[in-house]
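Hi everyone, thanks for coming.

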Amino acid sequence: MLKIAVLGGDGTGPEVVREGLKVLSAIASSEGFTYETNDYDFGGDRYLKTGEVLPDSAVTEFRGYDAIYLGAVGHPDVAPGIIEKGLLLRLRFELDQYINLRPVKLYPGVDTPLKDKGPEDISFDVVRENTEDLYFGGGGFLRKNTPHEVATQEMIATRFGVERCLRYAFELARRRNDQKMLTLVAKTNVLTFAHDLWWRAFNEIGEAEYPDIKRDYNHVDACCMWFVKNPEFYDTIVTPNMFGDIITDLGAMIQGGMGIAAGGNINPEGTSMFEPIGGSAPKYTGKNVINPLAAICALGMLLDNAGAQKGEAAYTRGAQRIERAVMATTPKLKSMSAGKMGYGTTKVGDLVCEALA
Ligand code: IPM
Ligand code: MN
């Protein structure tokens, strides 16, 4: 039995999650596995009504699930940071989801802004460290609101945190069995402490444990250039949290936009959380125009991860079938953008379900 906590969240989150759950129901009956979902209404609306973002009891409850399926967070009437930090980042940290896995894959028939590039050129995975770096929250003010104000925002890299992320990325490069190459994206020429640690750990672990995987290195600025110029260079990328945040938005754009980009916040030994990375898109809420494919891909990633973690072949097969069904659906859509797909949100979900059969 697969136990999933569903957090539709804000804006279009609940609409896209509904389509993902439709696909889950179809694949579960076809593959013959059972699952249970429970809905949670955390997000901007609930915060505005009750002042509560995420009670401690919910965090404890979530640990009892195999996975969390998240729609989107972000509400126009809530100050920036409250829900993002109080819900999304808090869950990543407290559930120790130390990997943020973001595949960058151009599906058939999807437009990329990159001239003369196709699906064979854009297909790589970004492994973003998800609990450290500039995100851990250290820093503060001195002489706040005076002309002599000082603000610090600290970056950390721990040997333990970096090593576990690197090993996950090396294993992924091995499993992909493509170019068998892992690229470290960092800034060793400027961040000569934190990224020196990354660099040393990368080479030591690579040499001792993954001699079959080629090691490659890019400074983050150069990586942004290569994403646009030669995305076919990449196979698997590993990078600290902040750079991972930035380059994966660029990655989402070259794979056809936020409507198709999915990600997983993964604790390989605990409860992971999967989400479309596009945000809550308030202006499209309730109009049946938002693209549910990113959420459906996130559901596929959820199944793939649960399959690996629980050793359930039916989940893994289900994930592969969802991937193929999405690839059969993208050529039928006029665009990946909200309102321009040529179909409504629910119809796109139906198309994926039909393609599963
Ligand atoms: C993401 C988002 C979050 C992040 C925000 C909403 C806190 O941009 O998932 O990439 O910065 O990680
Ligand atoms: Mn981001």
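Let me start with a term: a polar contact is a pair of N or O atoms within 3.5 Å, and within protein one must be able to donate a hydrogen and the other to accept it, with residues adjacent in sequence counting only if both atoms are side-chain atoms. This is a predicted model, where local features need pLDDT of at least 70, side-chain atom pairs count only at pLDDT 80 or more, and totals for chains, interfaces and linings use all residues. Residues are numbered from 1 along each chain as written, chains are lettered from A and ligands numbered from 1 in written order, and side-chain values use heavy atoms, without hydrogens and water.

So, who touches ligand 1? Polar side-chain atoms come up to its oxygen atoms at 2.6 Å from Y135, 2.8 Å from R128 and 2.9 Å from D245. The protein covers 73% of the 320 Å² of accessible area that ligand 1 has on its own (Shrake-Rupley, 1.4 Å probe).

Around ligand 1 we find E84, L88, R92, R102, R128, Y135 and D245, each with a heavy atom within 4 Å. Helix α4, residues 82–94, gives the largest share of that shell, three residues; helices here are DSSP runs of H or I, at least four residues, and strands are E runs of at least two.

Inside, β5 (123–129) runs parallel to β10 (236–239), joined by four bridges, and D125 stands opposite T236 in β10.

Notes. Pairing = 2+ DSSP bridges.
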